[in-house]
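Let us walk through this model one piece at a time. Keep the sequence and the 3D view side by side as you read.

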Amino acid sequence: MRPLEFGRLAWRAIRSHRLRSALTTLGIVIGIAAVIAFVTLGASLQAGLVGDISPDDQRNLYGWAADPDTEGGPLAGAQPVFSQDDLDAVSERDGVDAAYGYMPISTQALVYGGELSPQSDALVAAGPPYIRPDTLEEGRQFEMGEREAVINPAVAGQFEENVSVGDELTIALQGGQQTTVTVVGITETSEGLSPFEGFEPSPRVYVPTDPYYTEEVESATGGVGGENASENGSSAGNGTVVGEDALFLAIVVQAESADDADVDRARESALAYLESEDSDTSELLGDELAVTMQTSTELLQQLQDVLDLLQSFIVGIAAISLVVGSIGIANIMLVSVTERTREIGIMKAVGAQNRDVLGLFLTEAVVLGIIGAILGTALGLLVGYAGTWYIDIPLVYPYGYVALAIAVGILVGVLSGLYPAWRAARTDPIDALRYE
Amino acid sequence: MATGTAVSLQNVRKTYHLGEPVHALDGVTLEIPQGTYTAIMGPSGSGKSTLMNLVGCLDTPTDGTVVVGGEDVTTLDDRERTTLRGTTVGFVFQTFNLMPRLSALENVALPQLFQSVGRSTRRDRARELLERVGLSDRTDHMPNELSGGQRQRVALARALVNDPTIVLADEPSGNLDTDTESDVLDLFDEFYDAGTTMLVVTHERHVAERAERIVHLLDGRIERVEELEDAGRESNATQNRRDGVDGTGAASGADR
Ligand SMILES: Nc1ncnc2c1ncn2[C@@H]1O[C@H](COP(=O)(O)OP(=O)(O)O)[C@@H](O)[C@H]1O
Ligand SMILES: [Mg+2]
């Protein structure tokens, strides 16, 4: 007897109990949908994030100081500990091409052409290399000491009239002061330029730390030190000072090249200085804080690790769901074998071999498993699609997992159908024909 | 004309052990020549169904030999017995035993499915047989859409689909009214005339009288064999066949 014939008969048996079959496959559907949805989201997220690391960014090391036990992404629990003197000293170190501070500055609004747009976290102060040439759509980097800014398209397109290079933009700071910048460049996309900013697109105005941050610190008239910087650097309103110096929330160290060896050398060199007696930072670190210094890739890897952990968790739950699903199929198949005892007897009486009966019931279980897998895959892809659409990342379908899901469906069908099918095959035709 | 032996039982015993041993068959010796029509009568519990199961290769005897279509059933393994059953024997049951989810046509085609006959060949063959039993307008009906007589005719068509040498019918008209009963029995006659060996279990004398001989069972033994020299049947084919087997001891009871 051929597989196609098995399939035809199995399909008929399944169709004659539509509701029962549908409920039976539910466990498989849920288990597989969960895995597919999550894997789709994971793969899409990864593609979205990794796609954002440009080769030019590979030589940048992002550093901040936090309690070593703090968990989370970049800048989690960060404290402002980097002074301008230290930054200057680090940039002189061997293997370091450049080093500059990074500081988000709280704002109230952006004003352009008399139009006001409320913004609380649009302003980022950093060194000129923070604007990598490959990220610029037009114009140039800002220069240190100049009242210049690079904006991203989200800011440029925010006003009735598009902001273009050469225009002046007024920024209302948290403290109420206003400051004016000349736009010298516009970036290509509105996504963050570094892991510090996060990767979601949002309006940004990038300015040099001098004068903007140093000025703000001065005007804050000796503002209170040690204000906790919130996660992801969303705000660090008042500056922090040590002596006369402003303290930065984070440091960006640029290695000589993106080579792993060069990156490691720059990291070691910078950390060695920052942790030495000579630095202001080491004083501020005390016993509780430690400096973390990592590349975008390494930081993403941490995110990836969290994602992987979550994924194992979901896969675990899905596995339980699949086991429950298999038990469901096995149970229904056993009921089905009992219900159809007489049919089995008839088939055997007219010449069905044990393996025919076995194959018939096994096929039925496998068809149930495959139906569950297909429905689960479709549902999972749908949820994955909705998820990527919602958080606005490119959709990547994990085709390997789709194949795997179908394989799992078949496997579940075989495993759960084996015992009931064996029972069916073993049925004594004489008993079966007498069965009422 | 075929004069071979379709079924041969030698001193067959079938014992069930339910605390005390029950001898469902207790030393039965019986020869059924090819192309003959034999009826089996006897009170309930006398071993008629047990005998049918043995001849139909559904069961094996506790003792003795059963030869069907030239093969000694007792020496075959389960798979070989199933093959023999599928190709050499056709069953007709009192309760019809059609597959409830298959149409009349599919029911008739079912035995060939297990012989790996292709789908279209199978369907052609099934259609041809349904026509022969007068159901060509019911091919796509499900069993529950058919009357009892129609169901039994489907079952008969199914029994014949693999060209069996022998058709076994265990009280085939037990669930039928008089009219449909005679329809079905007429079909038996027809297939008998066409050369099929018929073995029919019945309670009723008028059903048994359609056969050439009646084997009377009692308590697992053959009580007597009644030869119906004049069964009121005029078929030449029958006459010829009867001539052919005359004097061969067509059926002999072994009652010890
Ligand atoms: N599977 C079985 N287990 C135990 N006893 C059985 C079984 N099948 C038949 N018998 C016994 O064998 C005897 C003959 O049964 P059966 O051949 O069905 O009789 P009939 O068909 O003539 O009514 C009965 O006494 C019955 O109880
Ligand atoms: Mg009986």
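Start with strand β1(A), which is covered on both faces. On one side, A:Asn60, A:Tyr62, A:Trp64 and A:Ala66 are buried. Buried means under 20% relative accessible area, exposed means over 50%, and partly exposed lies in between, with a 1.4 Å probe and protein chains only. In a regular strand, side chains alternate between the two faces of the sheet. The strand spans residues 60–66 of chain A, and 7 of its 7 residues are buried. Strands here are DSSP runs of E with at least two residues, helices are runs of H or I with at least four, and both are numbered from the N terminus.

Some ground rules come next. This is a predicted model, in which local features need pLDDT of at least 70, side-chain atom pairs count only at pLDDT 80 or more, and totals for chains, interfaces and linings use all residues. Residues are numbered from 1 along each chain as its sequence is written, chains are lettered from A and ligands numbered from 1 in the order in which they are written, and side-chain values use heavy atoms, leaving out hydrogens and water.

Back to β1(A). Which strands does it pair with? Strand β14 (residues 250–255) of chain A is joined to β1(A) by 5 bridges, and the two run antiparallel. Two strands pair if DSSP finds at least two bridges between them. In β14(A), A:Val252 stands opposite A:Tyr62. Strand β15 (residues 290–294) of chain A also pairs with β1(A), in the antiparallel sense and over 5 bridges. There, A:Thr292 is the bridge partner of A:Trp64. Strands of a sheet pair through backbone hydrogen bonds, either parallel or antiparallel.

Now look at a loop in chain A. A:Pro128 sits between β6 (123–126) and β7 (136–139). Is A:Pro128 buried or exposed? It counts as buried, because its relative accessibility is 18%. Leaving out residues up to four places away in sequence, A:Pro128 touches A:Gln141, A:Phe142, A:Glu143 and A:Met144. Contact means heavy atoms within 4.5 Å. A:Thr209 is 81 residues from A:Pro128 in sequence, yet their C-alpha atoms are 9.0 Å apart in space.

Move to chain B. It has 8 helices and 10 strands. Of its 256 residues, 56% are buried. Among its contacts with a separation of 6 or more, 70% join residues 24 or more positions apart.

Chain B holds an open sheet of 4 strands, in the order β2-β1-β4-β5, with antiparallel pairing. Its edge strands are β2 and β5, each pairing on one side only. Between β4(B) and β5(B) there are 2 bridges. B:Glu71 in β5(B) stands opposite B:Val68.

Helix α2 of chain B covers residues 78–88. B:Arg81, B:Thr82, B:Leu84, B:Arg85, B:Gly86 and B:Thr88 are buried in it. What covers these residues? The cover includes α9 (341–349) of chain A, as well as β4 (63–68), β5 (71–72), β6 (89–93) and β7 (166–170) of chain B. The N-terminal end of α2(B) is capped by B:Asp77, with a side-chain oxygen 3.2 Å from the backbone nitrogen of B:Arg79.

Another helix, α5 (residues 148–160) of chain B, contains B:Gln152. B:Gln152 counts as buried because its relative accessibility is 1%. Beyond neighbours within four places in sequence, its contacts include B:Val92, B:Phe93, B:Pro172 and B:Leu176.

Finish at ligand 1, which lies between chains A and B. How many residues surround ligand 1? There are 13, and the closest are A:Arg434, B:Gly45, B:Lys48, B:Ser49 and B:Thr50. A residue is near the ligand if one of its heavy atoms lies within 4 Å of it. A polar side-chain atom of A:Arg434 is 3.1 Å from a nitrogen atom of ligand 1. From chain B, a backbone N or O atom of B:Gly45 lies 2.8 Å from an oxygen atom of the ligand. A polar backbone atom of B:Lys48 is 2.9 Å from an oxygen atom of ligand 1. In the shell around ligand 1, α1(B) gives the most, with 3 residues.

Key:
Polar contact = N/O pair within 3.5 Å; in protein donor to acceptor, adjacent residues only side chain to side chain.
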